[in-house]
Amino acid sequence: MTDAVHVKICGVTNAAAIDSAVSAGAHYLGFNFYPPSPRYLTPERASVLMRDVPAGVTKVALVVDAQNDELGALLHAVPADVLQLHGHESPERVAEVRARFGLPVIKVVGIADADDLADLDKYLTVSDQILVDTKPPKNARLPGGNGLAFDWRLLQGRQWPCPWLLAGGLTPENVGAAIRLTGARQVDVSSGVESAPGVKDAQRMAAFIQAAQAG
Ligand SMILES: O=C(O)c1ccccc1N[C@@H]1O[C@H](COP(=O)(O)O)[C@@H](O)[C@H]1O
């Protein structure tokens with residue numbers, strides 16, 4: 001028997017959403033520190049919410065092209081377990097962040113076509129995990145969290161030497177198919193389990209986790 005698929009619920013913004021996600025079996029919770037996002041939390045607010053996350057659930061701090069002073073202040077304020085780098089961070093920058101701040105790093109790589117998979121390879125030795133997400137369209141307001149899927153067939157037959165998560169436009173309705181097609185053992189979702197931008201829906205989170213683990 002294989003282990004259950006791990007689910008990351010990204011962009012939780014209040015205690016009720018955290019409770020629902022944890023009760024439903026989320027393995028990771030994502031806290032968003034990108035100010036333009038509807039899921040943005042101030043470090044002060046996030047630190048209050050993160051204190052009550054049970055041990056065993058990984059608290060991920062999502063940042064976009066954050067500089068060292070910003071990261072230092074953030075990690076001084078919040079008890080994050082992992083950093084998610086969701087911007088244009090180079091492999092050298094990922095290595096620097098990991099060494100300087102001493103936390104495991106999830107580097108996000110955006111995929112639109114097969115060429116983007118070559119970029120992914122550059123991060124395999126510097127990142128603890130890779131998050132394979134949809135490359136944002138040029139006119140997108142956000143670098144992620146847009147509810148857009150990429151062609152999952154691009155990942156068929158791929159294997160990487162480090163753990164990875166699949167993201168981008170996942171929903172309770174499509175996550176099972178996405179897992180079957182890609183072989184993902186970890187999935188990440190934000191807008192697909194919301195009733196409005198930034199508002200997590202308890203039923204959709206539970207349905208998503210159930211579908212992923214049945215997947
Ligand atoms: O969710 C956001 O607002 C966000 C903002 C900036 C960078 C990343 C963001 N979200 C991440 O994007 C993926 C995919 O989101 P979705 O499921 O397609 O809505 C999500 O898993 C978050 O990690």
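Analyst: Two strands pair if DSSP finds at least two bridges between them. Strands (E, at least two residues) and helices (H or I, at least four) are DSSP runs, numbered from the N terminus. The model is predicted, so local features need pLDDT of at least 70 and side-chain atom pairs count only at pLDDT 80 or more, while totals for chains, interfaces and linings use all residues. Residues are numbered from 1 along each chain as its sequence is written.

User: What makes strands E4 and E5 a pair?

Analyst: Three bridges join strand E4 (residues 82–85) to E5, and the two run parallel. The criterion is at least two bridges, so they pair. Within E5, Val 105 is the bridge partner of Leu 83.

User: How do you know that E5 and E6 pair, and in which sense?

Analyst: Strand E5 (residues 105–111) and E6 share six bridges, in the parallel sense. Ile 106 stands opposite Gln 129 in E6.

User: Why is E6 called mostly covered?

Analyst: A residue is buried if 20 or more other C-beta atoms lie within 10 Å of its own, exposed if 12 or fewer, and partly exposed in between, with C-beta atoms placed from the backbone. In strand E6 (residues 129–134), six of six residues are buried. For E5, the count is six of its seven residues.

User: How is E1 placed, and what are its partners?

Analyst: E1 pairs with E8 in the parallel sense over four bridges, and three bridges join E1 to E2, also running parallel. Lys 8 stands opposite Asp 188 in E8, and Cys 10 stands opposite Gly 30 in E2. Strand E1 (residues 6–10) is mostly covered, with five of its five residues buried.

User: Which residues of E1 point one way and which the other?

Analyst: His 6, Lys 8 and Cys 10 point one way, Val 7 and Ile 9 the other, and all are buried. In a regular strand the side chains alternate between the two faces of the sheet.

User: Why is Gly 168 called buried?

Analyst: Gly 168 has 28 C-beta neighbours inside 10 Å, so it counts as buried. This residue sits in the loop between strand E7 (164–166) and helix H6 (175–182). Contact means C-beta atoms, placed from the backbone, within 7 Å. Leaving aside neighbours within four places in sequence, the contacts of Gly 168 are Asp 133, Thr 134, Leu 148, Ala 149 and Phe 150. Asp 113 is 55 residues from Gly 168 in sequence, and the C-alpha atoms are 14 Å apart.

User: What class does Arg 93 fall into, buried, exposed or partly exposed?

Analyst: Arg 93 has 15 C-beta neighbours inside 10 Å, so it counts as partly exposed. Arg 93 belongs to helix H4 (residues 91–101).

User: Why is Asp 65 partly exposed, and what marks its backbone?

Analyst: Asp 65 has 13 other C-beta atoms within 10 Å, so it is partly exposed. Its phi is near 50°, a positive value in a residue other than glycine. Asp 65 lies in the loop between strand E3 (58–63) and helix H3 (68–77).

User: What makes the 61 residues a nonpolar core?

Analyst: A nonpolar core is a set of buried Ala, Val, Leu, Ile, Met, Phe, Trp, Tyr and Cys residues joined through C-beta atoms within 7 Å. The largest such set has 61 residues, and those with the most contacts inside it are Ile 9, Leu 29, Phe 31, Ala 61 and Val 187. Helix H7 (residues 202–214) supplies the largest share, five residues. In soluble globular proteins, nonpolar side chains tend to be buried together.

User: Which residues is Ala 61 in contact with?

Analyst: Beyond four places in sequence, Ala 61 is in contact with Phe 31, Phe 33, Leu 74, Val 78, Ala 80, Leu 83 and Gln 84. Phe 33 has 26 C-beta neighbours inside 10 Å and therefore counts as buried. Phe 33 is in the loop between E2 and helix H2 (43–51). With the same exclusion of sequence neighbours, Phe 33 has contacts including Tyr 40, Leu 41, Pro 43 and Ala 61.

User: What puts a residue in the shell around the ligand, and which come nearest?

Analyst: A residue is near the molecule if its C-beta atom, placed from the backbone, lies within 6 Å of it. There are 26 such residues, of which Ser 37, Gly 144, Gly 145, Ser 190 and Ser 191 come nearest. Strand E2 (28–32) and strand E8 (186–189) are the elements that give two or more residues to this shell.

Definitions and conventions. Two residues are in contact if their C-beta atoms, placed from the backbone, lie within 7 Å.
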